[in-house]
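The questions below ask what lies behind the labels attached to a structural model. Each reply sets a value against its criterion and then draws the conclusion.

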Amino acid sequence: MTPERPFPTGPDTPAGPPPGCPAHRPGAGGPARLAEADDLAALYERLRREHGPVAPVLLHDDVPMWVVLGHAENLQMISSPALFSRDSRLWSPLRDGLVKPDHPLMPHIARRPVCSHAEGAEHRRLRGAVTSAMASVDHRTLRRHITRHTQRLVNRFCEEGRADLVAEFAEHLPMGVMCELLGMPDEYGDRLVEAARDTLKGTETAIDSHAVVMGALGRLTARRRARPEDDIAGRLVTHPAGLGDEEVREHLRVVLLAAYEATVNLIGNVLRVVLTDPGFRAQLSGGQMTVPEAVEQSLWDEPPFSTVLGYFAKQDTELGGRRIREGDGLLFGIAPGNVDPRIRPDLTAGMQGNRSHLAFGGGPHECPGQDIGRAIADCGVDALLMRLPDLQLDCAEEELRRRSSIASRHLVELPVYFEPRPPQAVTQQPGHTPLPQQRTVRQTGSRPACPEAEAPAPGPARGAGPALAAVPAGAATGTGEPGQGRRPPGAWQRLQLWWRGY
């Protein structure tokens with residue numbers, strides 16, 4: 001009979017190795033310390049070879065944990081609420097005092113009054129309110145917000161010919177759009193962007209930065225409590241579930257910060273591949289791949305969150321051939337699960353059309369705002385490439401720096417250069433060339449008999465996506481008033497623009 005392998009917690013195993021013990025250093029036979037790993041992806045692959053789809057690891061301060069590496073095992077865990085919970089009060093190391101109040105991961109561990117930490121009837125009450133508030137977002141309005149914020153951001157640097165697409169684009173676009181959707185457009189600005197980024201970094205000033213974010217959300221909650229409006233905050237306040245002010249603020253915090261961090265990383269990752277992989281860019285510009293498909297490929301290869309901490313065993317069970325004890329903690333391994341060789345034997349094969357990745361979770365705690373995140377990345381990247389189709393990386397690929405943590409891995413900067421261009425009107429459809437005034441071949445009056453009689457405007461680059469189809473000059477610029485040299489769009493063009501959010 002094969003003896004049982006040791007697991008992180010339980011009466012017959014120590015809670016964790018002594019700090020600094022050389023016998024428990026990574027590679028010496030004991031659990032690997034995630035906080036000390038220079039390359040987590042390589043470490044996860046080593047753990048997969050040594051332990052299989054579920055492996056023992058150590059967090060900061062040598063707190064024991066399991067990391068789930070298999071795709072099927074991750075799905076089993078997140079889809080089994082009877083066996084695994086998001087409520088950290090079940091976690092044995094926390095109950096036993098091994099996780100101190102100042103533990104670096106406490107912001108991720110501490111239980112809050114949000115649906116992702118609740119179960120049963122309480123989960124259904126809170127989740128129902130959040131899902132309803134997010135589902136009510138009008139996608140034409142969302143698309144309009146994305147396009148206009150993209151135009152504003154690109155206008156800041158388009159005349160310079162150089163930019164950092166992380167600091168000047170990816171970190172700002174999700175915050176601007178989310179502030180509009182939440183109902184606080186006036187709060188958007190550099191200070192809020194910096195506060196959100198600092199909060200998520202966990203720096204020495206993270207507490208003060210978190211206070212800035214919560215202050216903005218507290219003011220929003222008070223305004224909507226006094227005067228509800230049709231935005232996410234207003235829908236949470238007025239939902240029949242009867243959320244209190246703290247519950248509203250905490251859910252707004254989760255929606256804002258989760259959408260912000262995930263979408264910043266997603267936009268940066270997609271743009272990096274576009275700028276560094278000629279084959280990927282050729283597929284995109286040649287029509288073999290659309291921007292939404294490029295986003296889905298990135299969600300497989302570089303998910304915005306590498307792991308999620310955590311899930312906690314409600315009873316003794318088994319997962320991936322390992323015995324999991326009641327009170328054990330498990331890391332939801334999104335990044336290692338996405339490259340599980342059992343489902344992706346060839347990592348170079350494209351995953352277009354396949355949405356079975358783990359990037360947005362699953363089960364009862366699946367991300368309710370994933371379509372909003374996808375839309376911000378899809379439309380934002382699409383509009384940026386239309387404005388600046390000649391973007392080139394302004395450094396060697398190996399010089400790109402990333403900041404890594406157990407939870408995520410994101411670009412520090414993405415410097416680019418391009419041909420300088422003049423700004424465009426915020427309400428203008430993004431484009432990289434001015435559209436000339438169109439004339440009909442045969443024109444006998446001030447207007448053609450029908451819109452189809454006009455000569456077609458020059459179209460955008462192939463493969464740019466349906467949102468980038470050619471439109472008449474007057475419709476694209478919003479300056480097609482009669483008597484100013486441009487004709488107003490016909491009924492069909494007006495319908496197209498309405499559908500696209502212009």
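**Labels and their grounds**

Q: What makes strand 10 and strand 13 a pair?
A: In this predicted model, strand 10 and strand 13 (residues 415–417) are joined in the antiparallel sense over 2 bridges. Two strands pair if there are at least two bridges between them, so strand 10 and strand 13 meet the criterion with their 2 bridges. Within this pairing, Gln392 stands opposite Tyr417 in strand 13.

Q: Why are strand 5 and strand 10 called edge strands?
A: The open sheet of 3 strands has the order 5-13-10, with antiparallel pairing. In that sheet, strand 5 (162–164) and strand 10 (392–393) each pair on one side only, and they are the edge strands.

Q: How do you know that strand 6 pairs with strand 4 and with strand 9?
A: The threshold is at least two bridges. Strand 4 (residues 84–85) and strand 6 pair in the antiparallel sense over 2 bridges, with Phe312 of strand 6 as the bridge partner of Ser85. Strand 6 and strand 9 (residues 329–333) pair over 5 bridges, also in the antiparallel sense, and here Leu309 has Leu331 of strand 9 as its bridge partner.

Q: Why is Asp62 called buried, whereas Asp61 is called exposed?
A: Asp62 has 9% relative accessibility, which lies under the 20% limit, so Asp62 counts as buried. Asp61 has a relative accessible area of 53%, which is over 50%, and Asp61 is therefore exposed. Asp61 is placed in the loop between strand 2 and strand 3, and Asp62 is in the loop between strand 2 (54–58) and strand 3 (64–68). Neither residue is a glycine, yet Asp61 has a positive phi of about 60 degrees and Asp62 a positive phi of about 55 degrees.

Q: What makes the approach of Asp62 to Arg33 a polar contact?
A: The side chains of Asp62 and Arg33 come to 2.6 Å, and the limit for a pair of N or O atoms is 3.5 Å, so the value falls within the cut-off.

Q: How do you know that the span of helix 12 agrees with its number of residues?
A: At 1.5 Å a residue, the 32 residues of helix 12 (residues 245–276) should span 46 Å, and because its end C-alpha atoms are 46 Å apart, the two values agree. Helix 12 is also mostly covered, with 27 of its 32 residues buried.

Q: Why are helix 8 and helix 12 called roughly antiparallel?
A: Helix 8 (residues 173–182) and helix 12 pack at an angle of about 150 degrees, with their axes 9 Å apart. Angles over 145 degrees count as roughly antiparallel, so helix 8 and helix 12 receive that label. Their crossing is right-handed.

How values were computed
Residues numbered from 1 in each chain as written. Predicted model: local features only at pLDDT ≥ 70, side-chain atom pairs only at ≥ 80, totals over all residues. Heavy atoms only, no water. Helix = DSSP H or I, 4+ residues; strand = E, 2+ residues; numbered from the N terminus. Expected span 1.5 Å × (residues − 1). Buried < 20%, exposed > 50% of the residue type's maximum accessible area, 1.4 Å probe, protein only. Polar contact = N/O pair within 3.5 Å; in protein donor to acceptor, adjacent residues only side chain to side chain. Axes fitted to C-alpha atoms, helices over the stretch in contact; angles between N-to-C directions. Parallel < 35°, antiparallel > 145°, perpendicular 65-115°, else oblique. Left-handed = near helix turned anticlockwise from the far one by under 90°.
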